[in-house]
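Welcome, and please get your viewer ready. We will go from the whole chain to single residues, one selection at a time.

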Amino acid sequence: MAEPHKARMHWLDAMRGLTMVLVVAYHVAIFTFGQSEKTSASLPFLVLLRMPLFFFVSGFLAYRPRFDWSTSSVGSTLWRKAQVQVMPALLFLCLCLVFRQKGDFMFHLEQVLSQATKGGYWFTWVLLQMFVVYYGLMALLPVRLHHQAACLLWLLSVVAYETSYMPRLFTYPSSAFFQWSSLVLTIRHMQFFMLGNLVARHRGVFRWLITRRWFFPLATGVAALCCADLFRWHTLHRMWTNLPRTVAMYALLLVVVTTFFHYRQVWAGPGMPSRVLRYVGTRTLDIYLIHFLLLPALPMVGKWVNSHHPGFLAEVVLDVGMAVPVVATCCLLSHLLRVSPVLTYHLFGRRT
(Lines give C-alpha, C1' and ligand atoms only; values in the text may rest on other atoms or scores of the structure.)
Protein backbone atom coordinates (compact mmCIF):
# COMPACT_ATOMS: atom_id res chain seq x y z
CA MET A 1 0.00 0.00 0.00
CA ALA A 2 2.68 2.41 -1.00
CA GLU A 3 0.42 4.40 -3.29
CA PRO A 4 -0.15 8.08 -2.52
CA HIS A 5 -2.22 8.99 0.49
CA LYS A 6 -5.10 10.46 -1.52
CA ALA A 7 -5.42 7.33 -3.71
CA ARG A 8 -5.44 5.16 -0.61
CA MET A 9 -8.17 7.26 0.91
CA HIS A 10 -10.38 6.80 -2.16
CA TRP A 11 -10.70 3.06 -1.76
CA LEU A 12 -11.00 3.36 2.01
CA ASP A 13 -13.79 5.92 1.64
CA ALA A 14 -15.58 3.70 -0.88
CA MET A 15 -15.28 0.68 1.39
CA ARG A 16 -16.54 2.71 4.35
CA GLY A 17 -19.43 3.93 2.20
CA LEU A 18 -20.47 0.37 1.37
CA THR A 19 -20.20 -0.55 5.04
CA MET A 20 -22.48 2.35 5.97
CA VAL A 21 -25.09 1.08 3.52
CA LEU A 22 -24.87 -2.37 5.15
CA VAL A 23 -25.27 -0.82 8.60
CA VAL A 24 -28.43 1.00 7.52
CA ALA A 25 -29.66 -2.18 5.79
CA TYR A 26 -29.25 -4.08 9.06
CA HIS A 27 -31.19 -1.43 10.96
CA VAL A 28 -33.87 -1.45 8.26
CA ALA A 29 -34.26 -5.20 8.75
CA ILE A 30 -34.43 -4.90 12.55
CA PHE A 31 -36.34 -1.64 13.15
CA THR A 32 -38.31 -1.13 9.92
CA PHE A 33 -39.26 -4.68 8.99
CA GLY A 34 -38.92 -6.33 12.41
CA GLN A 35 -37.07 -9.33 11.00
CA SER A 36 -35.88 -11.98 13.41
CA GLU A 37 -32.14 -12.62 13.48
CA LYS A 38 -32.81 -16.21 14.57
CA THR A 39 -34.73 -17.04 11.38
CA SER A 40 -33.21 -14.56 8.91
CA ALA A 41 -30.73 -15.78 6.32
CA SER A 42 -29.03 -12.39 5.88
CA LEU A 43 -28.88 -10.74 9.31
CA PRO A 44 -26.35 -13.13 10.92
CA PHE A 45 -24.09 -12.62 7.90
CA LEU A 46 -24.36 -8.81 8.09
CA VAL A 47 -23.45 -8.96 11.78
CA LEU A 48 -20.18 -10.68 10.90
CA LEU A 49 -19.18 -8.04 8.39
CA ARG A 50 -20.42 -4.51 8.96
CA MET A 51 -18.94 -3.39 12.30
CA PRO A 52 -15.55 -5.16 11.95
CA LEU A 53 -15.06 -3.22 8.71
CA PHE A 54 -15.96 0.09 10.33
CA PHE A 55 -13.60 -0.39 13.26
CA PHE A 56 -10.87 -1.66 10.91
CA VAL A 57 -11.01 1.60 8.93
CA SER A 58 -11.10 3.65 12.15
CA GLY A 59 -8.00 1.90 13.46
CA PHE A 60 -6.26 2.30 10.11
CA LEU A 61 -6.82 6.05 10.11
CA ALA A 62 -5.85 6.33 13.79
CA TYR A 63 -2.23 5.54 12.93
CA ARG A 64 -0.35 8.79 12.39
CA PRO A 65 3.39 8.20 11.99
CA ARG A 66 4.33 11.83 12.63
CA PHE A 67 2.03 12.42 15.56
CA ASP A 68 3.34 14.46 18.50
CA TRP A 69 2.87 12.17 21.52
CA SER A 70 3.12 14.94 24.09
CA THR A 71 0.50 15.18 26.82
CA SER A 72 -1.01 18.34 25.35
CA SER A 73 -1.32 16.84 21.84
CA VAL A 74 -2.89 13.62 23.11
CA GLY A 75 -5.26 15.55 25.38
CA SER A 76 -6.38 17.94 22.63
CA THR A 77 -6.86 15.04 20.20
CA LEU A 78 -9.03 13.10 22.63
CA TRP A 79 -11.02 16.23 23.45
CA ARG A 80 -11.76 16.77 19.75
CA LYS A 81 -12.76 13.12 19.44
CA ALA A 82 -15.10 13.48 22.42
CA GLN A 83 -16.70 16.59 20.90
CA VAL A 84 -17.43 14.70 17.68
CA GLN A 85 -18.44 11.34 19.13
CA VAL A 86 -20.31 12.02 22.37
CA MET A 87 -22.45 15.17 22.23
CA PRO A 88 -23.83 14.72 18.67
CA ALA A 89 -24.81 11.11 19.40
CA LEU A 90 -26.49 12.11 22.66
CA LEU A 91 -28.33 14.95 20.91
CA PHE A 92 -29.68 12.71 18.13
CA LEU A 93 -30.56 10.01 20.66
CA CYS A 94 -32.71 12.55 22.50
CA LEU A 95 -34.31 13.60 19.22
CA CYS A 96 -35.16 9.96 18.48
CA LEU A 97 -36.77 9.56 21.88
CA VAL A 98 -38.79 12.75 21.41
CA PHE A 99 -40.14 11.78 17.99
CA ARG A 100 -40.37 7.99 18.29
CA GLN A 101 -41.23 7.27 21.93
CA LYS A 102 -44.38 8.08 23.87
CA GLY A 103 -44.51 8.69 27.60
CA ASP A 104 -42.00 10.03 30.09
CA PHE A 105 -38.89 11.25 28.24
CA MET A 106 -36.51 10.91 31.20
CA PHE A 107 -37.68 7.35 31.87
CA HIS A 108 -36.96 6.30 28.28
CA LEU A 109 -33.63 8.14 28.28
CA GLU A 110 -32.45 6.39 31.43
CA GLN A 111 -33.66 3.05 30.10
CA VAL A 112 -31.79 3.48 26.81
CA LEU A 113 -28.58 4.73 28.43
CA SER A 114 -28.57 1.72 30.77
CA GLN A 115 -28.30 -0.57 27.73
CA ALA A 116 -24.97 -1.30 26.07
CA THR A 117 -26.35 -0.52 22.59
CA LYS A 118 -27.71 2.93 23.63
CA GLY A 119 -30.72 2.59 21.35
CA GLY A 120 -28.36 2.11 18.39
CA TYR A 121 -26.11 5.09 19.22
CA TRP A 122 -23.35 3.02 20.79
CA PHE A 123 -20.81 3.13 17.96
CA THR A 124 -19.32 6.59 18.52
CA TRP A 125 -19.18 6.09 22.29
CA VAL A 126 -17.37 2.76 21.91
CA LEU A 127 -15.03 4.23 19.31
CA LEU A 128 -14.12 7.01 21.74
CA GLN A 129 -13.19 4.38 24.34
CA MET A 130 -10.93 2.72 21.78
CA PHE A 131 -9.22 6.03 21.04
CA VAL A 132 -8.71 6.62 24.77
CA VAL A 133 -7.13 3.17 25.22
CA TYR A 134 -4.97 3.49 22.12
CA TYR A 135 -3.76 7.06 22.55
CA GLY A 136 -3.40 6.65 26.30
CA LEU A 137 -1.22 3.55 26.00
CA MET A 138 0.95 4.99 23.23
CA ALA A 139 1.43 8.24 25.15
CA LEU A 140 2.80 6.30 28.14
CA LEU A 141 5.38 4.38 26.08
CA PRO A 142 8.46 5.45 24.13
CA VAL A 143 7.86 5.74 20.38
CA ARG A 144 10.32 2.90 19.70
CA LEU A 145 7.95 0.51 21.52
CA HIS A 146 4.74 1.56 19.76
CA HIS A 147 4.74 -1.24 17.17
CA GLN A 148 5.23 -3.90 19.85
CA ALA A 149 2.56 -2.29 22.02
CA ALA A 150 0.09 -2.25 19.12
CA CYS A 151 0.68 -5.97 18.49
CA LEU A 152 0.24 -6.75 22.17
CA LEU A 153 -2.93 -4.67 22.42
CA TRP A 154 -4.40 -6.49 19.41
CA LEU A 155 -3.52 -9.88 20.92
CA LEU A 156 -5.02 -8.94 24.29
CA SER A 157 -8.16 -7.71 22.53
CA VAL A 158 -8.57 -11.05 20.77
CA VAL A 159 -8.08 -12.94 24.03
CA ALA A 160 -10.55 -10.69 25.87
CA TYR A 161 -13.16 -11.25 23.17
CA GLU A 162 -12.73 -15.01 23.02
CA THR A 163 -12.75 -15.52 26.79
CA SER A 164 -16.00 -13.55 27.03
CA TYR A 165 -17.61 -16.57 25.35
CA MET A 166 -15.79 -19.13 27.52
CA PRO A 167 -17.31 -18.88 31.02
CA ARG A 168 -15.38 -21.92 32.22
CA LEU A 169 -12.11 -20.09 31.65
CA PHE A 170 -13.08 -16.57 32.63
CA THR A 171 -16.25 -14.70 33.59
CA TYR A 172 -16.60 -10.94 33.38
CA PRO A 173 -18.33 -9.24 36.30
CA SER A 174 -22.07 -9.13 35.71
CA SER A 175 -22.50 -5.54 36.80
CA ALA A 176 -24.53 -2.66 35.38
CA PHE A 177 -21.25 -0.83 34.71
CA PHE A 178 -20.53 -2.99 31.66
CA GLN A 179 -23.92 -2.03 30.21
CA TRP A 180 -23.89 1.69 31.10
CA SER A 181 -20.34 2.08 29.79
CA SER A 182 -20.87 -0.19 26.73
CA LEU A 183 -17.53 -1.75 27.70
CA VAL A 184 -18.83 -5.14 26.62
CA LEU A 185 -19.04 -3.82 23.04
CA THR A 186 -15.60 -2.24 23.27
CA ILE A 187 -14.18 -5.62 24.26
CA ARG A 188 -15.99 -7.24 21.34
CA HIS A 189 -14.71 -4.87 18.63
CA MET A 190 -11.36 -3.51 19.87
CA GLN A 191 -9.51 -6.28 18.02
CA PHE A 192 -10.63 -4.96 14.63
CA PHE A 193 -9.63 -1.40 15.50
CA MET A 194 -6.15 -2.66 16.37
CA LEU A 195 -6.03 -4.88 13.28
CA GLY A 196 -6.59 -1.82 11.11
CA ASN A 197 -3.92 0.03 13.08
CA LEU A 198 -1.42 -2.80 12.53
CA VAL A 199 -2.19 -2.90 8.82
CA ALA A 200 -1.51 0.85 8.60
CA ARG A 201 1.78 0.35 10.44
CA HIS A 202 2.90 -2.49 8.18
CA ARG A 203 1.37 -1.49 4.85
CA GLY A 204 4.13 -3.04 2.78
CA VAL A 205 3.81 -6.46 4.40
CA PHE A 206 0.03 -6.39 4.16
CA ARG A 207 0.15 -5.34 0.51
CA TRP A 208 2.53 -8.20 -0.27
CA LEU A 209 0.18 -10.64 1.48
CA ILE A 210 -3.10 -9.64 -0.16
CA THR A 211 -1.55 -9.44 -3.65
CA ARG A 212 -0.46 -13.10 -3.60
CA ARG A 213 -2.51 -15.17 -6.04
CA TRP A 214 -3.36 -17.73 -3.39
CA PHE A 215 -4.53 -15.26 -0.73
CA PHE A 216 -7.97 -14.29 -2.03
CA PRO A 217 -9.10 -17.88 -2.80
CA LEU A 218 -7.80 -18.99 0.59
CA ALA A 219 -9.56 -16.20 2.50
CA THR A 220 -12.79 -16.84 0.58
CA GLY A 221 -12.63 -20.56 1.27
CA VAL A 222 -11.94 -20.06 4.98
CA ALA A 223 -14.83 -17.60 5.21
CA ALA A 224 -17.23 -20.02 3.51
CA LEU A 225 -16.07 -22.93 5.67
CA CYS A 226 -16.39 -21.03 8.96
CA CYS A 227 -19.76 -19.52 8.02
CA ALA A 228 -21.06 -22.99 7.14
CA ASP A 229 -19.93 -24.35 10.50
CA LEU A 230 -21.30 -21.32 12.35
CA PHE A 231 -24.73 -21.36 10.71
CA ARG A 232 -25.24 -25.04 9.80
CA TRP A 233 -22.77 -27.63 10.98
CA HIS A 234 -21.98 -26.72 14.62
CA THR A 235 -19.18 -29.26 14.86
CA LEU A 236 -17.22 -27.75 17.74
CA HIS A 237 -17.87 -28.15 21.45
CA ARG A 238 -20.17 -25.45 22.83
CA MET A 239 -17.37 -23.57 24.61
CA TRP A 240 -15.43 -23.27 21.34
CA THR A 241 -18.28 -22.40 19.00
CA ASN A 242 -17.22 -18.74 18.90
CA LEU A 243 -13.92 -19.61 17.21
CA PRO A 244 -15.49 -20.19 13.75
CA ARG A 245 -17.34 -16.90 14.21
CA THR A 246 -14.10 -15.04 14.92
CA VAL A 247 -12.26 -16.61 11.98
CA ALA A 248 -15.25 -15.89 9.71
CA MET A 249 -15.19 -12.20 10.68
CA TYR A 250 -11.48 -11.92 9.95
CA ALA A 251 -11.75 -13.84 6.67
CA LEU A 252 -14.73 -11.82 5.43
CA LEU A 253 -13.03 -8.57 6.41
CA LEU A 254 -9.89 -9.56 4.49
CA VAL A 255 -11.93 -10.59 1.44
CA VAL A 256 -13.62 -7.18 1.32
CA VAL A 257 -10.41 -5.23 1.97
CA THR A 258 -8.55 -7.23 -0.68
CA THR A 259 -11.33 -6.64 -3.22
CA PHE A 260 -11.45 -2.88 -2.64
CA PHE A 261 -7.67 -2.59 -2.69
CA HIS A 262 -7.39 -4.61 -5.88
CA TYR A 263 -9.83 -2.24 -7.63
CA ARG A 264 -8.44 0.90 -5.98
CA GLN A 265 -7.98 2.63 -9.33
CA VAL A 266 -11.67 2.12 -10.07
CA TRP A 267 -12.70 3.68 -6.74
CA ALA A 268 -10.41 6.64 -7.49
CA GLY A 269 -12.06 7.17 -10.87
CA PRO A 270 -14.82 9.60 -11.94
CA GLY A 271 -17.52 6.94 -12.36
CA MET A 272 -20.85 7.54 -10.66
CA PRO A 273 -20.82 4.41 -8.41
CA SER A 274 -17.35 5.20 -7.10
CA ARG A 275 -18.20 8.88 -6.54
CA VAL A 276 -21.40 7.99 -4.68
CA LEU A 277 -19.72 5.44 -2.42
CA ARG A 278 -16.83 7.81 -1.73
CA TYR A 279 -19.27 10.57 -0.79
CA VAL A 280 -21.20 8.24 1.50
CA GLY A 281 -17.88 7.19 3.02
CA THR A 282 -17.08 10.80 3.90
CA ARG A 283 -20.53 11.30 5.48
CA THR A 284 -20.68 8.18 7.64
CA LEU A 285 -21.02 10.07 10.92
CA ASP A 286 -23.87 12.21 9.60
CA ILE A 287 -25.69 9.21 8.13
CA TYR A 288 -25.22 7.21 11.30
CA LEU A 289 -26.66 10.00 13.44
CA ILE A 290 -29.57 10.91 11.16
CA HIS A 291 -30.80 7.60 9.77
CA PHE A 292 -32.54 6.39 12.95
CA LEU A 293 -34.91 9.35 12.61
CA LEU A 294 -35.86 8.32 9.07
CA LEU A 295 -36.52 4.61 9.46
CA PRO A 296 -40.18 3.89 8.65
CA ALA A 297 -42.24 1.21 10.40
CA LEU A 298 -43.22 -1.61 7.99
CA PRO A 299 -43.76 -4.65 10.25
CA MET A 300 -45.90 -6.42 7.64
CA VAL A 301 -42.78 -6.89 5.50
CA GLY A 302 -40.94 -8.51 8.39
CA LYS A 303 -43.86 -10.83 9.09
CA TRP A 304 -43.84 -11.99 5.48
CA VAL A 305 -40.06 -12.52 5.50
CA ASN A 306 -40.13 -14.39 8.83
CA SER A 307 -42.89 -16.70 7.63
CA HIS A 308 -41.83 -17.30 3.99
CA HIS A 309 -38.01 -17.31 4.31
CA PRO A 310 -37.27 -16.02 0.78
CA GLY A 311 -33.54 -16.69 1.11
CA PHE A 312 -30.28 -14.81 1.58
CA LEU A 313 -30.17 -12.92 -1.72
CA ALA A 314 -33.81 -11.84 -1.63
CA GLU A 315 -33.45 -10.56 1.95
CA VAL A 316 -30.30 -8.61 1.10
CA VAL A 317 -31.98 -7.02 -1.94
CA LEU A 318 -35.01 -6.13 0.18
CA ASP A 319 -33.01 -4.62 3.05
CA VAL A 320 -30.50 -2.77 0.86
CA GLY A 321 -33.31 -1.59 -1.43
CA MET A 322 -34.93 0.20 1.50
CA ALA A 323 -31.56 1.34 2.91
CA VAL A 324 -30.49 3.16 -0.26
CA PRO A 325 -33.24 5.86 -0.19
CA VAL A 326 -32.70 6.26 3.55
CA VAL A 327 -28.97 6.84 2.99
CA ALA A 328 -29.71 9.21 0.10
CA THR A 329 -32.06 11.25 2.28
CA CYS A 330 -29.46 11.35 5.05
CA CYS A 331 -26.87 12.68 2.59
CA LEU A 332 -29.28 15.36 1.41
CA LEU A 333 -30.08 16.44 4.97
CA SER A 334 -26.40 16.38 5.87
CA HIS A 335 -25.59 18.62 2.90
CA LEU A 336 -28.32 21.07 3.85
CA LEU A 337 -27.47 21.14 7.56
CA ARG A 338 -23.76 21.66 6.91
CA VAL A 339 -24.53 24.90 5.06
CA SER A 340 -24.71 26.47 8.53
CA PRO A 341 -21.43 26.50 10.49
CA VAL A 342 -23.43 26.68 13.73
CA LEU A 343 -25.42 23.52 12.93
CA THR A 344 -22.29 21.79 11.64
CA TYR A 345 -20.59 22.36 14.96
CA HIS A 346 -23.49 21.60 17.32
CA LEU A 347 -25.00 18.68 15.38
CA PHE A 348 -21.85 16.97 14.14
CA GLY A 349 -19.09 18.40 16.31
CA ARG A 350 -17.22 19.78 13.31
CA ARG A 351 -15.85 23.25 12.66
CA THR A 352 -16.02 24.46 9.06
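This is a predicted model: local features need pLDDT of at least 70, side-chain atom pairs count only at pLDDT 80 or more; totals for chains, interfaces and linings use all residues.

Residues are numbered from 1 along each chain as its sequence is written, and side-chain values use heavy atoms, with hydrogens and water left out.

**Stop 1: the whole chain**

Show the protein chain as a cartoon and you will find 18 helices and zero strands. Here, helices (H or I, at least four residues) and strands (E, at least two) are DSSP runs, numbered from the N terminus. Along the principal axes, the C-alpha atoms fill a box of roughly 55 × 55 × 50 Å. The radius of gyration of the protein chain is 20 Å, which agrees with the value near 20 Å for a compact globule of 352 residues. That radius is taken over C-alpha atoms, and the globule rule is 2.2 Å times the number of residues to the power 0.38.

Of the 352 residues, 48% are buried. Buried means under 20% relative accessible area, exposed means over 50%, and partly exposed lies in between (1.4 Å probe, protein chains only).

How much of the contact total with a separation of 6 or more comes from residues 24 or more positions apart? In the protein chain, they account for 81% of those contacts, where contact means heavy atoms within 4.5 Å.

**Stop 2: helix α15**

Select residues 284–294, which form helix α15. Nine of its 11 residues are buried, among them T284, D286, Y288 and H291.

Then centre on I287, in the same helix α15. I287 has a relative accessible area of 0%, so it counts as buried. Leaving aside neighbours within four places in sequence, display its contacts: M20, V24, V280, V327, C330 and C331. For a distance to draw, pick G59, which is 228 residues from I287 in sequence and 20 Å away in space, C-alpha to C-alpha.

**Stop 3**

Move to Q35, in the loop between α1 (5–32) and α2 (43–62). Is Q35 buried or exposed? Q35 counts as buried because its relative accessibility is 6%. Its side chain makes a polar contact of 3.4 Å with the side chain of E315. A polar contact is a pair of N or O atoms within 3.5 Å; within protein, one must be able to donate a hydrogen and the other to accept it, and residues adjacent in sequence count only if both atoms are side-chain atoms. Beyond four places in sequence, Q35 also touches residues including A29, L43, G302, N306 and D319.

Next, select F45 in helix α2. At 25% relative accessibility, F45 is partly exposed. Not counting residues up to four places away in sequence, F45 touches F231, L252 and F312.

**Stop 4: S73**

Go to helix α3 (residues 71–85), where S73 lies. S73 is buried, with a relative accessible area of 16%. Show side chains here: a polar contact of 3.0 Å joins those of S73 and D68. Not counting residues up to four places away in sequence, S73 touches F67 and D68.

**Stop 5: three loop residues**

Select S114, in the loop between α5 (105–113) and α6 (123–140). S114 is partly exposed at 25% relative accessibility, and beyond four places in sequence S114 touches Q179 and W180.

Continue to S182, in the loop between α8 (176–180) and α9 (183–201). S182 is not a glycine, and its phi is positive, near 60°. S182 is buried, with a relative accessible area of 0%.

Finish at H309, in the loop between α16 (299–308) and α17 (312–337). H309 also has a positive phi, about 50°, although it is not a glycine. At 45% relative accessibility, H309 counts as partly exposed.
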